[in-house]
Amino acid sequence: TAHARVRAHAEFMRIWEEGYVATTATFDAMHMQGVAILDGAPLRGADGRLDRAGIASWIEDATRGIPYARLRLMRSPLGLTPPAWVPDASFDVKHHVRFDEDDVALSTRTLPRLIGWDAGPLTLTRPLWRVTFTTLTDGRVAMGLLMHHSGGDALRTLSFLSALTVSKPDAAPKPAADPFAQARAPRIGGGLVLQALAQWRAEHDGLGSALRAWARRPLHRRARRAAARFLRPVRDRSRGHRPPATHSAFRTIAAGVVQDHARAANASMNEMTVASVLRVAAGSDPVQVRVPVLRRRTEESRNRISDVLIRSIPTHPVADVAVDVRRQLEAAKEEAGAVRPAEDSPAREIGYATLVPWLSRPRYLNGARVEDLIVLPAALPDDELSMFAILYTDKITVTATAPRTSDVERTVERLVQELAGSWTTECEGQATASDDQTACIRPAVG
């Protein structure tokens, strides 16, 4: 029968991916978030309001063939296996597409609302993604995007966004079949454990080989990990969701300006981005920042990015820092590990920094051109400063995230000036972005 052809399907998390959902606090912090700014006219009906049915239909068609869009998280009883991604039998696009037609201004203050945080974090009982369409005061429409690091890295998030859009204004999403039309989640109870055992046996040549592979990992580590999974609800019960302790600001700069500055320093735009963060955050002591590096493309993990630690001497000019960043990144790739500061010269870890190119040509959603793209960095709750720069068409949008106690607007202005090479010499003697540098801030470029 048709029912007999339906198979159980589960994709178990790797150890480092499991950490992204280990606690409620970690789960909340590991949301990936951004906002696409769209031309508003094609997304409206004859009455001037958003064409909600048309937009929802577009999103459903565009995501139908994306596995991430149809998988939800499932935990095993007693924590005997890692959490797994399983098909969501009750998937309904209405749970993942929201609308807000209050005509909101695009600003740093409204960024959380445009992303969709007014509806709270994503829910673990459904696939971990949500888009929110909000009308803006200037007539455009913002599409906020929330995804989760447990389901993929930043590159997969941009691939998801690419799947939501097309290359021509009159094009439509390519027809695709649901990859899990003939699959289901394992049965509640021991189904996930049986699925794990079946996959474990299939990965090895015979029972003896499987047992030897299992014995290579110390038993006490397996027991400790299972206990942590089992006790997770108890640990979380007293903590719950915490309000965000950070805020973000963004600026747009012409890509050509950054490219010219980087070329003059014999560096890439990504290296100049990392150098700018190091310069802005540095005080009188050395600092270091996490920089993502792509691991082997053949790796099956959803998260193919490793962070390496790049450090800086704060008194050096940004061009010299960028060259040193290149040297450290090349060394890290050769060693396949993080660059660590010397023990006799410790450096303070401040956060995360990267520049990622998206697409050089415009993209469209339901006929609406994507005019700008804002992507927030993967900042940890205790980071002093993190930055994500996205290159789209001929513009770079720089987004900085910092503690709420800091002046993130002033910080992102300084970052843009460092990227453009227009940070004035009068500012060189001032230590940090928290100092009084009003006279050193020029209008943003681009």
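**Reading charges, rings and strands**

Modeller: In this predicted model, Glu-413 and Arg-251 form a salt bridge, with the closest N and O atoms 3.1 Å apart. The pair links distant parts of the chain: Glu-413 belongs to helix α14 (residues 408-420) and Arg-251 to strand β10 (residues 246-254), 162 residues apart.

Colleague: What is the general idea behind such a pair?

Modeller: Side chains of opposite charge can pair when their charged atoms come close. The structure holds 22 salt bridges.

Colleague: Are Glu-413 and Arg-251 buried or exposed?

Modeller: Residues under 20% relative accessible area are called buried. Glu-413 has 15% relative accessibility and therefore counts as buried. Arg-251, at 17%, also counts as buried.

Colleague: Which side chain meets Arg-414 in a salt bridge?

Modeller: The partner of Arg-414 is Glu-418, at 2.7 Å from N to O. Both residues lie in helix α14, four residues apart, which is about one turn of the helix. Arg-414 is buried, with a relative accessible area of 3%, and Glu-418 counts as buried at 1%.

Colleague: Which residue forms a salt bridge with Asp-372?

Modeller: Arg-140 does, and the closest N and O atoms of the two are 3.6 Å apart. Asp-372 is in strand β15 (residues 368-375), while Arg-140 is in the loop between β7 (130-136) and β8 (141-148), so the pair ties together parts that are 232 residues apart in sequence. Asp-372 is itself buried, with a relative accessible area of 17%.

Colleague: Which residues are linked with Arg-140 and Asp-372 in a network of salt bridges?

Modeller: The network also takes in Asp-138, Glu-371 and Lys-395.

Colleague: Let us turn to the aromatic rings. How many aromatic pairs does a search of the whole structure find?

Modeller: The search finds six. To read one, consider the distance between ring centres and the angle between ring planes; planes under 30 degrees apart count as stacked. The rings of Phe-99 and Phe-133 have centres 5.9 Å apart and planes at 25 degrees, so this pair is stacked. Phe-133 is buried, with a relative accessible area of 0%.

Colleague: Why is the pair of Trp-358 and Tyr-392 called tilted?

Modeller: Planes over 60 degrees apart count as edge-to-face, and those between the two limits as tilted. The ring planes of Trp-358 and Tyr-392 stand at 45 degrees, with centres 5.1 Å apart, so the pair is tilted. Trp-358 lies in the loop between β13 and β14 (364-365) and Tyr-392 in strand β16, so parts 34 residues apart in sequence are tied together. Trp-358 counts as buried at 11% relative accessibility, and Tyr-392 is buried at 3%.

Colleague: Which residues do ring pairs link into a cluster?

Modeller: The cluster consists of Tyr-68, Trp-85, Phe-91, Trp-129 and Phe-160. A charged residue also meets one of these rings: Arg-70 lies over the face of Phe-91, at 3.9 Å from the ring centre.

Colleague: How many bridges join β13 to strand β16?

Modeller: Five bridges join β13 to β16 (residues 386-392), and the two strands run parallel. Across this pairing, Ala-353 stands opposite Met-387 in β16.

Terms used:
Residues are numbered from 1 along each chain as its sequence is written. This is a predicted model: local features need pLDDT of at least 70, side-chain atom pairs count only at pLDDT 80 or more; totals for chains, interfaces and linings use all residues. Side-chain values use heavy atoms; hydrogens and water are left out. Two strands pair if DSSP finds at least two bridges between them. A salt bridge is a side-chain nitrogen of Lys or Arg within 4 Å of a carboxyl oxygen of Asp or Glu. Buried means under 20% relative accessible area, exposed over 50%, partly exposed in between (1.4 Å probe, protein chains only). Rings of Phe, Tyr and Trp (its six-membered ring) pair if their centres lie within 6.5 Å; planes under 30 degrees apart count as stacked, over 60 as edge-to-face and the rest as tilted. A charge sits over a ring if NZ of Lys or CZ of Arg is within 6 Å of the ring centre and within 35 degrees of the ring normal.
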